[in-house]
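Biologist: I would like to learn how to read strands, helix packing and a chain contact. Please take me through a case.

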Amino acid sequence: MTDITHHTPDALLAAYAAGTLPQPFALVVAAHISLCLKCRAAFEAHQAIGGIVLEGFDAVEISPDLKTNVLSLLDAPDQESDVYARTGVYPGPVMQALKGKPPRWRRLGGGVKQNILSADESGSVRLLYIPPGQAVPDHTHGGLELTLVLQGSFSDETGRFDVGDLEVADEDLDHTPIADYGAPCICLAATDAPLKFNSVLPRVLQPLFRI
Amino acid sequence: MTLISAQLSPLTAQMLAVRDARDRAAFAALFDHFAPRLKGFIMRSGTGSGQAEEIVQDVMLTVWRKADQFDPQKAQVAAWVYQIAKNRQIDVLRKENRPLPEELKSDAQDSGRTDTDAGQILAVEQEALQLKEAISKLKPDQREMIEKAYLGELTHQEIKAQTGLPLGTIKSRIRLGLERLRHDLKDVR
């Protein structure tokens, strides 16, 4: 936990605090903050600025019964939603996305497995399981990609990424991350590029189109 | 307690009274302070008056219900309320559950509650004052950028392109927070 060397960049932390980060990236940043004290402290600093901005707002007139309503509801029972704690290598926000259940891995070939946590027009976020010596799949990204190591490690042209490290890649980075020898590498990876099934679908569809 | 309260800002003292004594008068005072600001804050991003008031109601009820999560050694009241408002805005307007970081174990266990460190609380307030001053000294267009960024009107790419943040002050705020977090974790282990 103290050895994290690759952190969340400031602009991403600020956007996360301000709530503008698309959901897939917000999940990775929340997971990284869960593992990284330095980024937690930085996140708190961004919240402090948010608080100052809120304090600086001019008061807007509110309906007279809003206060009465709120005060009358103080004793009303609260609807608690389920909160899932960190389990094994999976931080709380990841367990939340898994709804408390273990990952359901699907094979991508070469021993690589994935579990897509969410995918829509804002991007996708998934768990990846990569055996030692195998390449991290789908690194032909066009936009932003965040990869957080949860178990094991991987290395690429830019360095080595251990548990808790976050790699930020954009279109300018042409890299080939390979899982290091040791424990299989488990990552949480988010991208804003449309989800591609280049390892499964083309193989299924190609014969059809050729006929 | 009285000695500490005398030095604390009224908002912090009121929030502690809500947290520790379920003080309804203190909550009413917090409502009077925050509700009109929250409404302006929420309406700024295009939400209508009626829906803004619904969100204000949810935020203020969360302030009451989750008061045990308020830690003045970690955040100022306004920063805590800001985060609750952001969470609620995302849940309501984007219909998403916002992913949130884990609470630190030491927070959840309430272990240090009895020996609340007044020095640390005052340090957090001091830092916030300095931050506020640093922001107020910025040029108007830089100040406006900060307002836009933390209102949620800028993407992270747009924030990245801005250089107007008072970085020196943030850095000292981060250092203070990091020291406290390390101290907390030492207690847990």
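Modeller: We go through sheets, then a helix pair, then the contact between the chains.
Modeller: This is a predicted model, where local features need pLDDT of at least 70, side-chain atom pairs count only at pLDDT 80 or more, and totals for chains, interfaces and linings use all residues. Residues are numbered from 1 along each chain as its sequence is written, with chains lettered from A and ligands numbered from 1 in the order in which they are written.

Biologist: What is the strand order in the open sheet of three strands?

Modeller: In general, side chains in a regular strand alternate between the two faces of the sheet. Helices (H or I, at least four residues) and strands (E, at least two) are DSSP runs, numbered from the N terminus. Two strands pair if DSSP finds at least two bridges between them. Here the order is E6-E5-E8 in chain A, with antiparallel pairing. E6 (159-161) and E8 (178-179) of chain A are the edge strands; each has a single partner strand, so one side of each lacks a neighbour in the sheet. Strand E5(A), residues 154-156, is joined to E8(A) by two bridges. A:Ser155 stands opposite A:Ile178 in E8(A).

Biologist: How many residues lie between E1(A) and E2(A) in their hairpin?

Modeller: Two residues lie between them. A:Gly110 in the turn has a positive phi of about 65 degrees. Three bridges join E1(A), residues 106-109, to E2(A), residues 112-120, and the strands run antiparallel. A:Gly109 stands opposite A:Val112 in E2(A).

Biologist: At what angle do H3(B) and H4(B) pack?

Modeller: Axes are lines fitted to C-alpha atoms, for helices over the stretch in contact, and angles run from 0 to 180 degrees between N-to-C directions. H3(B) and H4(B) pack at about 140 degrees, with axes 9 Å apart. The pair is therefore oblique (under 35 degrees is roughly parallel, over 145 roughly antiparallel, 65 to 115 roughly perpendicular, the rest oblique). Among the residues of H3(B) that meet H4(B) are B:Phe27 and B:Phe34; those of H4(B) include B:Val56 and B:Trp64.

Biologist: How many residues does each chain bring to the contact?

Modeller: Residues are in contact if their C-beta atoms, placed from the backbone, lie within 7 Å. Chain B gives 56 residues and chain A gives 50. H3(B) gives the most to the side of chain B that touches chain A, with ten residues.

Note on methods. Contact = placed C-beta atoms within 7 Å.
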